[in-house]
Amino acid sequence: MQPDIPAAPSAPPVLELQQLRTGYGDVPVVQGVDMRFAAGRMTAIIGSNGAGKSTVIKAAAGLLKVWSGRVLAAGADITREPGHRRLARGIAYVPQGRIVLPEMTVRENLELGGYPLGSDRRRVKAAIERLVVLFPVLGDRMAQLAGNMSGGEQQMLAIARALMTDPATVILDEPSLGLSPKFVDIVFTKLQELSAAGLTVIVVEQKASKILEIAQHGYVMHTGRVLFEGSGADLLADEQVKRVFLGEMPDALAASATAEG
Ligand SMILES: Nc1ncnc2c1ncn2[C@@H]1O[C@H](COP(=O)(O)OP(=O)(O)OP(=O)(O)O)[C@@H](O)[C@H]1O
Ligand SMILES: [Mg+2]
């Protein structure tokens, strides 16, 4: 017989959004969103254009003021904490558009990501060495100008730069945007590897089916709200999600389909 093992208290999610509302100026965009991001899991946020996906993760990363509701990190209320404090807590953010500094070398771009590590050169050097193991393609190109790399390589660099501080959680906004199919696969495989290594990954994506195939959990957003939530596999199999969000359907169709019920 099994000895009685007391159930481990379930840890709070690394990041949680509770009834989050925010927007731009006085225009509301995110209208009461609840999301929970469990440690070590890859969570995808998908949905129509303008649904508020980027806005939600900007608020999660501390780059946009929250109007109401709460952002919690491992149970602590960080709703009013700025982005750099969240980074210090191990929550990193990779914005949309693989933003690298094109006139700087790959090494200089990585060093910039290591800025929060302070002036300790050894720590920065050790972080770069760790990332070169994760992203061998960057190791061959340390002295190359970032602007001379392919789009896919620049996206790798943008992700690697965000990992310089060794965060536990990384939030990415459409890492596949504008990449060739080959590089979409390479970037997704890399995300899968990072997730398997224990990193908590939160990823907004337009490539909905592809990301749900590798994400353990997903949220489907539409007009500032969460319409569906479930495991990647369940969302992939859901008839309504499939019909409206997994094809490349135009927004008008998505709107009418969701209005139907
Ligand atoms: N800086 C801004 N100022 C004003 N309005 C904005 C700003 N950024 C986004 N919006 C508006 O907020 C709404 C949601 O935008 P958001 O970028 O969050 O959507 P999204 O789901 O990420 O869409 P996409 O798939 O096109 O990236 C849109 O109506 C957009 O026009
Ligand atoms: Mg967006």
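## Strand pairing and sheet order

Gly 23 stands opposite Pro 28 of strand β2. The model is predicted: local features need pLDDT of at least 70, side-chain atom pairs count only at pLDDT 80 or more, and totals for chains, interfaces and linings use all residues. Residues are numbered from 1 along each chain as its sequence is written, while chains are lettered from A and ligands numbered from 1 in the order in which they are written.

Helices (H or I, at least four residues) and strands (E, at least two) are DSSP runs numbered from the N terminus, and two strands pair if DSSP finds at least two bridges between them. Strands β1 and β2 form a hairpin with 2 residues between them; in the turn, Gly 25 has a positive phi of about 60°. Strand β1 also pairs with β4, where Leu 72 is the bridge partner of Glu 16.

| Strands | Sense | Bridges |
|---|---|---|
| β1 (residues 15-24) and β2 (residues 27-37) | antiparallel | 8 bridges |
| β1 and β4 (residues 68-73) | antiparallel | 4 bridges |
| β7 (residues 169-173) and β8 (residues 200-204) | parallel | 5 bridges |

An open sheet of 6 strands has the order β6-β7-β8-β3-β9-β10, with mixed pairing. Its edge strands, β6 (91-94) and β10 (225-231), each pair on one side only. Neighbouring strands of this sheet are turned by 15° against each other on average, direction ignored; axes are lines fitted to C-alpha atoms, for helices over the stretch in contact, and angles run from 0 to 180 degrees between N-to-C directions.

Helix α7 (residues 181-196) lies across β3 (42-47) and β8, running at about 150° to β8. Contact here requires that the C-beta atoms of two residues, placed from the backbone, lie within 7 Å.
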